[in-house]
Amino acid sequence: MKYSYMGKGVPRIDAFEKVTGTALYTGDLRFPGMLYTKLLKSPLGHARIVNIDTGEAEKLPGVRAVLIGKEAPYKFGIYMGDKTVLASGKVRHVGEPVAAVAADTEEIAERAVELIKVEYEELPGAFDVLKAMEDGAPLVHENMSEYRHAPFIYPKSGTNIANHFKLRKGDVERGFKEADVVIENEFYQPQVQNVQMETHTSIGQWLPNGQINIWTSAQSPFAVRHLLSVGLGVPLHKINVVVPYLGGGFGGKAGLHWEPLVVLLSKKAGGRPVRLVMTREEQFYTTAVRQGFYARIKTGAKRDGKITAGAFFYVWDAGAYADYGVNITRAAGYSCTGPYEIPHIKCDSLTVYTNHPYGTAYRGFGHPEFHFATERQMDLLARAIGMDPVEFRLKNAAVPGRITATGEKLREDAGRVDECIKAVVEAIGWGKKAPKEVNGKLRGKGIAALWKAPAMPSSTSSSAILKLNEDGSVTLSISSTEMGQGTPTGLAQMVADELQMPIEKVKVVTKRETDFSPYTWQTVASRGLFMEGNATLDAVRNLKEQVKTTAAELLGVPKKELEVAEERVFALGRPDKSIPLAKLATAGIFPDGRGIGGPVLGYGYYTAEGLTNLDPETGQGLPALMWTFGAQGAEVEVDPETGDVRVVKMASAFDIGRAINPLLLKGQVYGGIVQGIGSALMEEFIFDERGALLNKNLTDYKICRTQDIPEEMVFIPIENPQRNAPHGVRGIGEHPRISIEPAIANAIYDAAGIDLFEIPMNRERVWRALRKKGEKRAFA
Amino acid sequence: MSKHKISVRANGQLYERDVEPRRTLLQFIREDLGLTGTKCACERGDCGLCTVLVDGVPTKSCLVLAVEVDGKEITTIEGLMEGEELNPVQRAFIEHGAVQCGFCTPAFIVAGGALLKRNPSPTEEEVKEAVGGILCRCTGYRQIIDAILDASKGAKK
C-alpha cells in the first residue's frame, strides 16, 4: 500500500493554528452588540433568600439585563433535573450565583453586581458527606422526589441520597466465611477541580423570533442542545450550538453548564448576544468540580491468594447538585472491584448531596477515586496473607474468560491486564534490589492496576459525514469536539488509509455546529476514537459505494471489480478503466455530456453494541462497550524530615488494542500521569466550617508545574486488538490518570513503611504519618 | 475615568490608543488590539498564559498596566512567524506533540523562544526554570520541554 498512516506519529492536524495563536476559542469570539456578564454569588453555604433588591443595579447606565432566580424557574440536569441557573428560594453552596447582570462592558456589569442587595436567612448546612446521610441531616433538596430523573438513577426521597446504586453477586457472607483473612479499611479523596486552562465560557443569543444561538466551551454540543431544549421547553431545531476549539475539558465541560444563563440574559436584553467568561475563582467554586469520595472496603482472601469476597461501600460528595455525579456513582459501582475477578460481591455506591460546590465528571469518571481505595486494599490484603502484591494481582486478574462484577464473561479480545502488570513490573524493576536510601531520602516502588469502560447509555451512537470535493480531496465532519485529545487527527489517519490518499488531502472540520454537524452523543468517556472511528469507517464505505456505483456505469465495469485508491476509481490491472475521484464529486459525465450520479456525501454511523440495562437490585448486566486495562508503577523518594514526596519514575502500560498515533498517545499518557500526580500529592479543596472554599485560586490550590514532573516517564503500549473496534483500538483518554494515586501510595509504603488512606499525600499528611510511626516504634 | 494616550509597537506595527489607567496590558492586547492568541486564565499572575514579550523580556501581561508599556515594543504569539514559515520553536512544538488543547501553547512558545535568544543552548533544568511560571493541564510538560530543547542550538540536528 502506498499510503500507510496507521501507527505513525502524524503531527496533529490542528497544530498550526495552535502554535500561531490563530486557533479560536469561545472567549476569542466577538459579536456586534455583545454584552458582558458578571455574577453575584452566595457568601453562604446554605441559606434562604429572603429578598433581592436589584433596583440600584438596574438604574446604572450601560446595564441591559439583570436576572434573578425567580425569573428563571427552569430545571436542568443531565440525569437529575435538580438545578436552576441561578439560586431560587435558597442558596445551596458558597459561590452559587444568585443574580446575573449583562452590561455593555465587564466593568459596568461588575459595578452593577455590587449594587444588588440580598437578604439571607442562614440555614444549618450539610458540610460533611457522612453526616449528610444521617437521619435528620439538613436537606439540600427538600423536593427531590419531584425532580425528573433518568430511569437508572435511584434517589431516596426525604434524604440527601440522590442515587443508590446496588450490586449483588454471589453470596458475600459465604465468601467472607471461605476466606482465611478478611481486612476492612476506609479511604478518602477530597473534592478537586479539573482546572482546565480555559475557564467555562459561553455566548448566548435568544432572538425575539425564538431562534437560540450558542457559542460555548462545551465538550458535547448535542447534549447542550438537548438539555437546553428540555429545560427551557424550546423546540430542538430552534437551537444552534457552535463549539470552537476547547481549552481543555477533562469532563468538566460535558453536559450543560452556563449556556441557559446567557441565553436567558439575552432574552431579557432584547436578543443581544451575551457572553459569560468564568473567572478562575468562579471556576473553582461556582462551576462544576470533582466529587469528594469516601470508601469502606472489606475484602477476604484465601492463603493461596484467591480473593473470595468483596464488600464495597462508596459514598460520593456530590455537592449541591447531582449533574454527572449520579452516573459516576453508578459507573464506579459496576466497576467497583477494579480489574479482578471476585466471586462474591456486594456494592453500595451512593451519591449524597451536600452544601459544597456541585460535582461533575473529571477525567476517569470516579475511577481514580475508587482505584485509590481498591488498589491500596490489594496491597494491604497481599501483605496480610504474606504474598507479593504483584503475584496477588496476577492471581486474581480479570483476564479473558473470567467474570466481572456485573456477570460479564470477558471475551478473548477483551484486553489483558496481566500483560500490563508484567510490563510495568519490568519497567520499574519491581523486586530487583535497589538502594532504600539515596542522599538521606527513602526510596520505594509501588504498583497499581486499573480498568475502565465508557459509562454511557446502552444505545449511544455516533455519526460521520465524508464529503468528496471537486478536486478529489475529502472533508470529514464529526461532532466529537477537539479539546486536546487529538481524535480528529486519528480519524484523518483512518480516512487517508482507507481511501489510500495523502493525509494532506483529508480535512477534518474543526468547528462543531449542531445545525450542520452529524449527531454524536458526547465527547466523553474515552469513547471518541472507538465510536467516531467506527462511524467514520462506515462513512468511508458509503462514499466508496457511491463513487463505485457511478464509475461502474461510466467505465462499463462491474462495481465489484472496482477499487478506490490514489484519488481514483479503477479496475485492477486495467489502466484504461480508471477515473479520478475529482470527476465524480459533483456528478459523473458520459462522453456525450449526459450526467450521472450526483454530489458524493458519505454517511456513516455506529451504535454501541451489546450493552444492556443493569438490574436495579443486583446491578447485573452488560455496561461495557470495551474495557481498557492498564497498570501503573511508581518509584518515589520520601524525605523523612519534611514529608516531601517526589516521584522519580512513573511507568504505565495500557492495552490500547492498537496504537493509531504513538506521538499523540504519548501525550495523553504523560499528561494523565502529571495530572494524577497533582491530585496525589497536592490538590484538595479546603473549606471552612461554614462551607466556604478557602483556596479558590492557583496560588493556594497548586497544580503541577514543570518542576513537579517525574524524572522519567515510561509508556508501554500493549496491543491486543479489540474485534469490533476501528483498527482494534480502545479508549485511552482517561486511563493514564486513574491509578497514579494508589501506585504512589503503595510506593510510599515501600519507601517509608507508612500506610496512607487519604488523598492528597501532601507533606503535612506524610510527615504526620512518619511521626506516628516513629512514636509507635518508641513505645513498642 | 480619564484616558491616557499610549503608543506601542506590537509585532512590528505601531498602535496609538487611549486607555484607562487601570487597563491591564492583557486587556489592551486582547480587547483593544484584537490579538486573541494571548490567553487569559487567572488574571493574578499564577498561570502565565498571558505571557508576552515587553522589549524582548517575557512578561505576564495581566500584571502590567497598559500605560506602563507606553513607547515599548510588544511581541505576542501572532508576531513569531518568520515570514510565511513557522519559527524553530513552533516547528518543534508540532513535531514533539507538545500541543494538546493549545490554550497554553502561545505562552510556552513565546517564553521558550525568549529563552533561546538569551541562552541558545540551555540545559533541561534551565528550560524548566524558564517556563516554570506557565501552567499546562494537558501535556504533562515533557513534550514541551523536549520541544524547546530540540529547537535550541545545543540539539543534535
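Helices (H or I, at least four residues) and strands (E, at least two) are DSSP runs, numbered from the N terminus. Helix α1 of chain B spans residues 25-32, and its buried residues are B:L25, B:L26, B:F28, B:I29 and B:R30. Buried means under 20% relative accessible area, exposed means over 50%, and partly exposed lies in between (1.4 Å probe, protein chains only). In an α-helix there are 3.6 residues a turn, so residues three or four places apart point the same way. After α1(B) comes B:G34, with a positive phi near 70°.

The structure is a predicted model, in which local features need pLDDT of at least 70 and side-chain atom pairs count only at pLDDT 80 or more, while totals for chains, interfaces and linings use all residues. Residues are numbered from 1 along each chain as its sequence is written, chains are lettered from A and ligands numbered from 1 in the order in which they are written, and side-chain values use heavy atoms, with hydrogens and water left out.

The interface between the two chains was examined next. Chain A contributes 49 residues to the contact, and chain B contributes 48. Interface size is often given as the accessible area lost when the parts come together. Buried area is the accessible area (1.4 Å probe) that two parts lose on being put together, summed over both. For chain A and chain B this area is about 3900 Å², and carbon and sulfur atoms give 57% of it. Three residues, A:V19, A:M197 and A:T706, supply 19% of the area that chain A buries against chain B, more than any other three.

Four salt bridges cross the interface of chain A and chain B. A salt bridge is a side-chain nitrogen of Lys or Arg within 4 Å of a carboxyl oxygen of Asp or Glu. One pairs A:D28 with B:K39, with the closest N and O atoms 2.5 Å apart. On the side of chain A that touches chain B, α1 (15-20) and α15 (662-681) of chain A each supply at least two residues. The largest share, eight residues, comes from α15(A). By class, this side of chain A has 21 nonpolar, 16 polar and 12 charged residues. Ala, Val, Leu, Ile, Met, Phe, Trp, Tyr, Cys and Pro count as nonpolar, Asp, Glu, Lys and Arg as charged, and the others, Gly among them, as polar.

Chain A itself is divided into domain 1 (31-123 + 200-277), domain 2 (289-456 + 613-779) and domain 3 (460-607). These bounds come from an automatic or database domain assignment. The centres of domain 1 and domain 2 of chain A, taken over C-alpha atoms, are 36 Å apart. Each of these two domains of chain A gives 21 residues to the contact. The area buried between domain 1 and domain 2 of chain A is about 1900 Å², with 56% from carbon and sulfur atoms. In domain 1 of chain A, A:Y79, A:H93 and A:F250 lose the most area to domain 2, together 30% of what that side buries. One salt bridge is found across the interface of domain 1 and domain 2 of chain A. A:R690 and A:E122 form a salt bridge, with the closest N and O atoms 2.8 Å apart. Polar contacts join 12 residue pairs across the interface of domain 1 and domain 2 of chain A, both residues at pLDDT 80 or more.

Over all chains, the structure holds 58 salt bridges. A:R48 and A:E121 form one of them, at 2.9 Å between the closest N and O atoms. A:R48 lies in strand β2 (residues 47-53) and A:E121 in strand β6 (residues 117-122) of chain A, 73 residues apart. A:R48 is partly exposed at 39% relative accessible area, and A:E121 is partly exposed at 37%. A:E341 and A:R402 also meet in a salt bridge (3.5 Å, N to O). A:E341 lies in the loop between α9 (325-334) and β16 (344-353) of chain A and A:R402 in the loop between α11 (389-396) and α12 (417-428) of chain A, so the pair ties together parts 61 residues apart in sequence. A:E341 counts as buried at 17% relative accessibility, whereas A:R402 is partly exposed at 23%. Finally, a network of salt bridges links A:R443, A:E635, A:E637, A:R646 and A:E711.

Note on methods:
Contact = heavy atoms within 4.5 Å. Polar contact = N/O pair within 3.5 Å; in protein donor to acceptor, adjacent residues only side chain to side chain.
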